[in-house]
Amino acid sequence: NMGLHVAVGQGAEHGPAMVHIQYRPSKAQKSKNKKQSASQVASMSAPLAFVGKGITFDTGGLDIKPSSGMRLMKKDMGGAAALVGLAYWAVSSGYNRALDFYIGLAENVVDQKSFRPSDVVTARNGLQVEIHNTDAEGRLVLADVLDVAVTQKGEDDPEMVIDVATLTGAIKVALGADLAGLFSNSDEVAEQLQLAGQKAGDLNWRMPLYLKYTQGMSSAFADIVNAVDGFGGAITAALFLEKFVRNKPWAHLDIYAWNDKPTGSLGFSGGSGQGVQALIQFIQRLEN
């Protein structure tokens with residue numbers, strides 16, 4: 001029932017998919033912190049969930065991008081790539097908490113089967129979404145995958161969920177390429193992510209979830225539109241995602257994830273791995 005995710009990828013030769021990487025440490029790994037209290041052990045039993053945007057190429061869909069804006073759109077899977085990197089680190093380091101990685105994959109193409117502006121699509125959580133702009137596709141994929149993550153039951157019910165995405169150009173206008181935009185419904189999670197980014201040198205800056213901006217997201221035909229015109233695009237994108245987390249502690253990292261030219265320790269242009277080091281620091285702080 002992931003109608004939003006399906007809609008984004010329905011025009012592509014290779015259809016959309018969701019990849020779930022489940023990491024469960026061995027008992028030996030868990031027992032290395034024997035001095036922890038019973039309450040700490042209980043809190044560590046719930047997994048941490050991560051959701052990544054994996055748009056493998058983004059033409060913009062029927063609201064097609066200009067050629068200059070499309071040329072590097074193979075980088076639109078930077079959030080998914082960051083989480084695969086985090087999963088690799090967890091395995092190689094023997095991290096001792098349960099982790100779940102949900103990767104939403106789709107290609108947003110121009111095709112006779114592509115979804116259209118004005119389509120009304122039903123999300124996995126039942127919300128009806130009017131498509132205002134087909135180039136605001138990443139939040140649609142993330143929305144359905146977030147709902148999968150936060151509705152897991154029993155031992156797979158996550159303590160919190162963090163999504164990572166190359167979501168908006170607006171955040172780059174606000175913060176530049178080096179700083180990730182951080183949105184969260186939890187002051188505690190946001191503070192810990194900021195501290196982790198500072199320690200790792202993989203910086204993020206908290207941005208507001210300004211509820212007044214939801215007024216522009218209303219629709220005459222559905223519950224909500226997927227995008228709005230004008231300023232504040234990074235905020236409205238985050239407000240859209242928040243509607244799919246079912247009140248779980250949640251954070252959203254809006255990243256650029258790309259190195260335009262060789263600089264610093266990155267002696268090449270291309271994917272930068274933005275977000276990986278900050279998230280490693282973050283989950284290490286939770287482990288201790």
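At 52% relative accessibility, S118 counts as exposed. This residue belongs to a model that is predicted. S118 is placed in the loop that runs between β3 (99-108) and β4 (120-122). Its phi angle is near 90°, a positive value in a residue other than glycine. A positive phi in a non-glycine residue also occurs at A257, where the angle is near 65°. A257 is located in the loop between β10 (250-254) and β11 (258-259). With a relative accessibility of 7%, A257 counts as buried, whereas S118 is exposed.

Helix α9 (residues 233-242) was examined next. Nine of the 10 residues of α9 are buried, so this helix is largely enclosed by the rest of the structure. The buried residues of α9 are G233, A234, I235, T236, A237, A238, L239, F240 and L241. Because angles under 35 degrees count as roughly parallel, α6 is roughly parallel to α9. The crossing of α6 with α9 is right-handed. On the α6 side, the contact involves R139, L140, L142, A143 and L146, which meet A237, F240 and L241 of α9. Classified by residue type, this contact of α6 with α9 comprises seven nonpolar residues, no polar residues and one charged residue.

T168 also contacts residues of these two helices. T168 lies in the loop between β6 (160-165) and α7 (169-175) and is buried, its relative accessible area being 12%. Leaving aside residues up to four places away in sequence, T168 touches R139, G233, A234, A237 and D254. Among these partners, R139 and A237 take part in the contact between α6 and α9, and G233, A234 and A237 are listed with the buried residues of α9. A polar atom of the T168 side chain lies 3.3 Å from the backbone nitrogen of I171.

Helix α10 (residues 276-287) packs with α8 and with α5. In the pairing with α8, the axes are 8 Å apart and the packing angle is about 120°. This angle makes α8 oblique to α10, and the crossing is right-handed. The α8 residues in the contact are V189, Q192, L193, L195, A196, G197, K199 and A200, and those of α10 are Q277, A278, L279, Q281, F282 and R285. By class, eight of the residues in the contact of α8 with α10 are nonpolar, four are polar and two are charged.

L195 is found in α8, which spans residues 187-200, and is partly exposed, with a relative accessible area of 30%. Although 87 residues apart along the chain, L195 and F282 have C-alpha atoms separated by 8.0 Å. Q281, in α10, counts as buried at 17% relative accessibility. The C-alpha atom of Q198 is separated by 28 Å from that of L211, 13 residues away along the chain.

The pairing of α10 with helix α5 (residues 78-93) has an angle of about 45° and axes 9 Å apart. α5 is therefore oblique to α10, and these helices cross in a right-handed manner. A82, L83, G85, L86 and W89 of α5 make the contact with V276, L279, I280, I283 and Q284 of α10. The contact of α5 with α10 contains eight nonpolar, two polar and no charged residues.

Terms used:
Residues numbered from 1 in each chain as written. Predicted model: local features only at pLDDT ≥ 70, side-chain atom pairs only at ≥ 80, totals over all residues. Heavy atoms only, no water. Axes fitted to C-alpha atoms, helices over the stretch in contact; angles between N-to-C directions. Helix = DSSP H or I, 4+ residues; strand = E, 2+ residues; numbered from the N terminus. Parallel < 35°, antiparallel > 145°, perpendicular 65-115°, else oblique. Left-handed = near helix turned anticlockwise from the far one by under 90°. Contact = heavy atoms within 4.5 Å. Nonpolar A, V, L, I, M, F, W, Y, C, P; charged D, E, K, R; others polar. Buried < 20%, exposed > 50% of the residue type's maximum accessible area, 1.4 Å probe, protein only. Polar contact = N/O pair within 3.5 Å; in protein donor to acceptor, adjacent residues only side chain to side chain.
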